[in-house]
Amino acid sequence: MAVNRTRSTELFAKAKTNFPGGVNSPVRAFRSVGGEPFIVDYGSGPFLFDVDGNRYVDYINSWGPLVLGHAHAGVVDALHAQAQRGTSFGACHAGESELAEIVRGLFPSLELMRFVNSGTEAGMAVIRLARGFTNRRKIVKFEGCYHGHADMLLAKAGSGVLTLGLPDCAGVPPAAVEDTLVAEFNSVPSVERLFAACGSDIAAVIVEPVVGNCGLLVPEPGFLRALRDITSQHDSLLIFDEVMTGFRVHLGGAQGLYSVKPDLTMLGKVIGGGLPVGAFGGRREIMECLAPLGPVYQAGTLSGNPLAMAAGIATLSEWSKPGTFERAAGVTERLVDGLRAGAARHGISLVAQSVGTMFGFFFSDKPVQSFRDTLQADKEAFNRFFHAMLDAGVYFAPSAFEAGFVSVAHEGEAIEHTLRALDDGFRAASCR
Ligand code: KE4
């Protein structure tokens, strides 16, 4: 039965007269899956409701932040209380340390930290800090990993080992990425080759410890430990981008889950509970290079914003209560089990996996352990699955190359409805 999205169509047409592609962030435009996005009216718990009154189980959760679901009463109350006391001060306030101490309690590697307003800002800051602390220029990143849209991190692998990074999009001048080297996730040799050639000039290795930006890629046993050892051997820094994995793969992030301690960490998403927040932190001696103590400059008008701090405190206080994370991780496992069983019922090859409350799946008959493996997956089958599930009231990421997210609110009706709807999705996926 066709779903009525008349009002969404009207409003998206209006959006396209205001924004390029009608969106304020590209992935929202549905260009990867085809069709047009619905327009959200409101969210509640695990559900989004569009302007035509259709309900969707939301497995994007604003791309990770909403571990408690939409419009959680505790978060809303905290925001309301803070708003009445002021929305921004541009000055020190107690909420900054209150949230910082919750974060540092779960991420003890953050001896000092600083709040910013997005993951992109955190990425810019940690690269500048790593270069300032080591007095080196080169950075190693991995194909398929995304660390925000700062120029020096929008690099793709050049041909051959030593070819310096190439711009990964228009507008990035070659000079901005000439010191960005690109390795392969889960390939220790690809990192060793770069260090063998440039080790004494490599300031840092930056990695999504569990990759969520080309679908879900899980680190193979020993990979993260190898990055730790290689960077230590060469006096380079190890940076974990935990903007997505933080509090989601484990309350202490991937560094807690895999017991690998980075020198610097990026955070975002969950710590703002849906408001714009990023953060970075790490070893005291590195962080003390930051202004006003040291020579590395970084600043932000709304950094440590009281509303964002209030939402983050309310979110993490609830999320870190005993059993909450485990409940959401259990729902995530049920979802992945359901995806595997559903694919099997329809004779479809599917690689589905989860780490804590993050999940991903590829329509592939081969293991998916590297960025290049993801490119072999059947994108068209995903797109057919995506739209059939959307029409069945289940909203997965509108791209085969994104991860999915579960909140504690997905228990009950949301996961039960999803599991009942999977046959619609796989039936569509199997129809070429
Ligand atoms: P923001 O600047 O979007 O707050 O964070 C950038 C960022 C940094 N590091 C990681 C690991 C990230 O996943 C992100 C942003 N993630 C995307 C989802 N793939 C945000 C969605 C979007 O771009 O609209």
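**Cavities, a pocket and packed helices**

Modeller: The largest cavity has a volume of about 70 Å³, and please keep in mind throughout that this is a predicted model.

Biologist: Which strand gives the most to the lining of the largest cavity?

Modeller: The lining of this cavity is made by F359, G360, F361, F382, F396, A397, S399, A400, E402, A403 and G404. By class, these divide into seven nonpolar, three polar and one charged residues. The element that gives the most, with three residues, is the strand made of residues 358-362, which is β14.

Biologist: How many cavities of 30 Å³ or more are there, and what is the volume of the second largest cavity?

Modeller: With 30 Å³ as the cut-off, the count of cavities comes to two. For the second largest cavity, the space inside has a volume of about 40 Å³.

Biologist: Which elements give two or more residues to the lining of the second largest cavity?

Modeller: The residues that line the second largest cavity are F361, F362, F363, A377, D378, K379, F382 and A400. Two or more of the lining residues come from each of two elements, namely β14 and α13 (379-391).

Biologist: Turning to the pockets, which element gives the most to the lining of the second largest pocket?

Modeller: The second largest pocket holds about 520 Å³ of space, and of the 24 residues that line it, those closest to its centre are E96, R114, F115, S303 and G304. In this lining, nine residues are nonpolar, ten are polar and five are charged. At least two lining residues come from each of α3 (94-106) and β4 (112-116). The element that gives the most, with five residues, is α3.

Biologist: Now for the helices: are α11 and α14 roughly parallel or roughly antiparallel?

Modeller: Helix α11 covers residues 324-345 and helix α14 covers residues 413-430, and the two pack with their axes 9 Å apart at an angle of about 25°. Because angles under 35 degrees count as roughly parallel, the relation of α11 to α14 is roughly parallel.

Biologist: Which residues of α14 does α11 meet?

Modeller: The crossing in which α11 passes α14 is right-handed. The residues of this contact divide into eight nonpolar, three polar and four charged. From α11 the contact takes V331, R334, L335, G338, L339, G342, A343 and R345, and in α14 they meet I415, E416, T418, L419, L422, D423 and F426.

Biologist: Are α2 and α10 roughly parallel or roughly antiparallel?

Modeller: The axes of α2 (residues 73-83) and α10 (residues 306-319) come within 8 Å of each other, and they cross at roughly 150°. Because an angle over 145 degrees counts as roughly antiparallel, the two helices α2 and α10 are roughly antiparallel.

Biologist: How many residues of the contact of α2 with α10 are charged?

Modeller: On the side of α2 the contact holds G74, V75, A78, L79, Q82 and A83, which meet P306, L307, A310, A311, A314 and T315 in α10. By class, nine of these residues are nonpolar and three are polar, while the number of charged residues is none.

Biologist: What is the relation of α13 to α14, oblique or roughly antiparallel?

Modeller: Helices α13 and α14 pack with their axes 8 Å apart and at an angle of about 140°. Since an angle has to be over 145 degrees to count as roughly antiparallel, the relation of α13 to α14 is oblique.

Biologist: Which residues of α13 meet α14?

Modeller: The crossing of α13 past α14 is right-handed. On the side of α14, the residues in contact are T418, A421, L422, D424, G425, F426, A428 and A429, and those that meet them from α13 are A381, R384, F385, A388 and M389.

Biologist: Finally, where is the residue that has a positive phi although it is not a glycine?

Modeller: The residue in question is N61, with a phi of about 50°. Its place in the chain is the loop between β3 (55-58) and α2.

Notes. Residues are numbered from 1 along each chain as its sequence is written. This is a predicted model: local features need pLDDT of at least 70, side-chain atom pairs count only at pLDDT 80 or more; totals for chains, interfaces and linings use all residues. Side-chain values use heavy atoms; hydrogens and water are left out. Axes are lines fitted to C-alpha atoms, for helices over the stretch in contact, and angles run from 0 to 180 degrees between N-to-C directions. Helices (H or I, at least four residues) and strands (E, at least two) are DSSP runs, numbered from the N terminus. Angles under 35 degrees count as roughly parallel, over 145 as roughly antiparallel, 65 to 115 as roughly perpendicular and the rest as oblique. A crossing is left-handed if the near helix is turned anticlockwise from the far one by less than a right angle, and right-handed if clockwise. Contact means heavy atoms within 4.5 Å. Ala, Val, Leu, Ile, Met, Phe, Trp, Tyr, Cys and Pro count as nonpolar, Asp, Glu, Lys and Arg as charged, and the others, Gly among them, as polar. On a 1 Å grid over the protein atoms alone, a cavity is a set of points where a 1.4 Å probe fits but cannot get out, and a pocket is an open set with protein on both sides within 12 Å along at least five of seven lines; lining residues have an atom within 4 Å of a point. Grid points are joined across faces, edges and corners, and a volume is the space filled by probe spheres set on the points.
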